[in-house]
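This report goes through a few local features of one protein model, topic by topic.

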Amino acid sequence: FFFVLFGLQCSYLMWGYLQEKIMTSTYGDLKFQDSQFLVFMNRILALAMVYGYITVVKQPTHKTPLYKYSFSSFSNIMSSWCQYEALKYVSFPTQVICKASKTLAVILMGKIVSRKKFPAYEYLCAALIFIGVSVFPPVEPPGNGEELHKGNHFIWFTYFNWLHCV
């Protein structure tokens, strides 16, 4: 279990580091602009790996129509593209912390819309994540240049407006 956990964490950290390095480094006097290409190549590599796996390990026949997979596929591709685009404005750690703040919105909407009941510790965890997100962007150390962190003012503006709505 710990071997798998360690491997996943190392892979995730390496992926984030490389993703940010590709999007923020200068190549000559230009920055990498084609995040669509990165998403496309990522999907091609994943397709090749899956094809290799299913040729070795026999899989049961799917009875689900292929178009039903298109909804999650489209969502996944668009989120990857937006993630690469966001790296032009904020750092990878900021991006990951901001994604983690979705828990508060999910809990509140579940309570309001679906009338779900959540234990008190889930509200506490979501609130602590939200507080961490609210504090993280402004105290992020400058180092990769001002252009990498120019999106933080918008993040603060969004957080405060969202906080007032809640």
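## Aromatic pairs

Tyr12 is partly exposed, with a relative accessible area of 34%. On this scale, buried means under 20% relative accessible area, exposed means over 50%, and partly exposed is in between, using a 1.4 Å probe and protein chains only. Trp15 is also partly exposed, at 35%. Both Tyr12 and Trp15 belong to helix 1 (residues 2-24), where they are 3 residues apart, about one turn of the helix. Helices (H or I, at least four residues) and strands (E, at least two) are DSSP runs, numbered from the N terminus.

The model is predicted: local features need pLDDT of at least 70, and side-chain atom pairs count only at pLDDT 80 or more, while totals for chains, interfaces and linings use all residues. Residues are numbered from 1 along each chain as its sequence is written, and side-chain values use heavy atoms, with hydrogens and water left out.

A pair of aromatic rings is described by the distance of the centres and the angle of the planes. Rings of Phe, Tyr and Trp (its six-membered ring) pair if their centres lie within 6.5 Å; planes under 30 degrees apart count as stacked, over 60 as edge-to-face and the rest as tilted. The whole structure has 3 aromatic pairs. One of them is edge-to-face: Phe1 and Phe2, 5.3 Å centre to centre with 70° between the planes. Another is the tilted pair of Tyr12 and Trp15, with 5.5 Å centre to centre and 45° between the planes. Phe1 is exposed at 73%, and Phe2 is exposed at 64%.

## A buried serine

Ser35 lies in helix 2 (residues 35-56). Is Ser35 buried or exposed? Ser35 counts as buried because its relative accessible area is 0%. Not counting residues up to four places away in sequence, Ser35 touches Met23, Trp81, Tyr84 and Glu85; contact means heavy atoms within 4.5 Å.

## Cysteines

A disulfide is a covalent bond between the sulfur atoms of two cysteines. Here the test is a pair of cysteine sulfur atoms within 2.5 Å, and the count by this rule is 0 disulfides. Cys10 is partly exposed, with 33% relative accessibility. Cys125 is partly exposed as well, with 42%.

Val57 is found in the loop between helix 2 and helix 3 (67-86). Val57 counts as partly exposed because its relative accessibility is 32%.
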